[in-house]
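My entries follow the order in which I looked things up.

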Amino acid sequence: MTLQTELAKIRKKDFSHVYTLLGTESYLIETFKKELKENVSLDEANDLNIITFDMNEIELSEVIHEAETIPFFDDYKVIFVENPYFLTAEKKKSDLTHDTVALEAYLKNPLETTILVFVVSVEKMDERKKVVKLLKKESLVVDVSPMTEKTIIPYVGSYIENEGYSMDKQAFERMMYLTNMNLSQMMNELNKLFLYKVESKQITKNDIEELIPKSLEHNIFDLNQYVLGSKPEKSLLLYQDLLVGGEETIKILSILIGQIRLLLQVKILVEMNYQQSNITDTLKIHPYRIKLAVQQSRPMESKKLGEMMNELIELDYQIKTGQIDKELGFELFLLKPR
């Protein structure tokens with residue numbers, strides 16, 4: 001079941017007795033929780049009927065006991081079960097005993113006034129387990145997996161529009177880049193942008209640059225572009241800014257090696273006629289990072305990338321063996337004509 005379909009049902013007060021949220025996208029999980037709590041019409045002053053159990057700390061028997069108890073002066077009781085590792089293949093050393101047999105009995109006959117929500121923040125459950133098979137049968141499984149580029153763009157675009165704001169294409173693409181197309185981070189940044197542009201309701205690329213901070217990886221991505229684009233002055237200035245900001249040369253060098261390695265891998269796979277989706281599957285890296293790497297590596301030659309990779313590895317070795325001062329060595333690399 002898709003999240004949007006289920007949220008529409010919840011807004012109509014059409015609740016299931018048991019939900020299983022399956023996936024790792026925290027924003028979608030929190031959105032489901034918020035909508036559910038708002039629509040079950042619980043007394044705001046009475047939080048006794050909204051309960052969260054952490055299975056790393058509490059035994060499952062306490063969850064079942066609470067689920068079998070009628071709500072306190074309300075129509076419903078909502079129970080969130082966090083970290084239910086007994087539904088996955090994860091092995092934990094713990095003194096806790098989780099009675100899955102009791103859970104199986106409850107799933108076959110849930111209390112109508114209890115809404116039980118299992119928050120399974122993994123990609124998949126262990127379907128070899130009897131309790132998992134029964135949970136999939138008796139509960140409503142809601143997909144809260146990270147969105148793909150194909151789904152996240154219209155989702156965020158609709159959200160911006162529904163909030164009464166507009167954002168041009170350049171600004172939108174820059175926001176996706178700076179948030180690594182991470183939905184949770186993107187929505188957090190949008191809240192800041194909405195407050196910043198509350199009067200005009202128009203968000204520009206300059207607004208994105210001012211409010212969304214660059215990570216070290218993003219700065220080194222820019223550094224990488226300057227190096228590959230033969231812009232030594234800009235690359236040196238950015239490197240010095242990073243040092244002033246407290247970054248270490250060895251760390252910068254390590255990330256730069258990783259980025260050049262990715263470009264080289266992507267370039268080779270593209271030359272082997274791999275499609276972008278095949279490259280993502282092969283390298284096990286976020287699709288948006290692969291998309292950017294494909295774009296950046298397109299004008300580059302594999303030979304040049306390979307030579308730069310070898311040069312960086314050699315520089316790393318020289319620095320770590322004391323053959324050259326780290327800052328001097330890195331600056332000489334940046335200033336080398338290409």
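**Entry 1: the model.** I note at the outset that this is a predicted model.

**Entry 2: packing of α7 and α10.** I recorded the geometry as an angle and a distance, because two packed helices are described by the angle between their axes and the distance between the axes. Helix α7 covers residues 169-178 and helix α10 covers residues 216-228. I find that they pack at about 115°, and their axes lie 10 Å apart. How are α7 and α10 oriented relative to each other? The range of 65 to 115 degrees counts as roughly perpendicular, so I describe α7 and α10 as roughly perpendicular to each other.

**Entry 3: residues at this contact.** I then looked up which side of the contact each residue belongs to. Helix α7 contributes Arg174, Tyr177 and Leu178, and these meet His218, Phe221 and Asp222 of α10. Sorted by class, the contact of α7 with α10 comprises three nonpolar residues, one polar residue and two charged residues.

**Entry 4: salt bridges.** How many salt bridges does the structure hold? I note a total of 17. I examined several of them in turn.

**Entry 5: Lys34 and Glu38.** The side chains of this pair form a salt bridge, with an N to O distance of 3.0 Å. Both residues belong to helix α2 (residues 26-39), and because they are four residues apart there, about one helical turn separates Lys34 from Glu38. I recorded a relative accessible area of 49% for Lys34, which is partly exposed. Glu38 is likewise partly exposed, at 48%.

**Entry 6: Lys192 and Glu189.** I looked next at helix α8 (residues 183-196), where Lys192 and Glu189 lie three residues apart, about one turn of the helix. Their closest N and O atoms are 2.9 Å apart, and the two residues form a salt bridge. Glu189 has 9%, and because buried means under 20% relative accessible area, I list Glu189 as buried.

**Entry 7: Glu127 and Lys136.** I found a salt bridge between Glu127 and Lys136, in which the closest N and O atoms are 3.0 Å apart. Glu127 is partly exposed, with a relative accessible area of 45%. Lys136 is also partly exposed, with 38%.

**Entry 8: a network.** Which residues are linked to Lys33 in a network of salt bridges? I recorded Glu30 and Glu82 as linked with Lys33 in this network.

Notes: Residues numbered from 1 in each chain as written. Predicted model: local features only at pLDDT ≥ 70, side-chain atom pairs only at ≥ 80, totals over all residues. Heavy atoms only, no water. Axes fitted to C-alpha atoms, helices over the stretch in contact; angles between N-to-C directions. Helix = DSSP H or I, 4+ residues; strand = E, 2+ residues; numbered from the N terminus. Parallel < 35°, antiparallel > 145°, perpendicular 65-115°, else oblique. Contact = heavy atoms within 4.5 Å. Nonpolar A, V, L, I, M, F, W, Y, C, P; charged D, E, K, R; others polar. Salt bridge = Lys/Arg side-chain N within 4 Å of Asp/Glu carboxyl O. Buried < 20%, exposed > 50% of the residue type's maximum accessible area, 1.4 Å probe, protein only.
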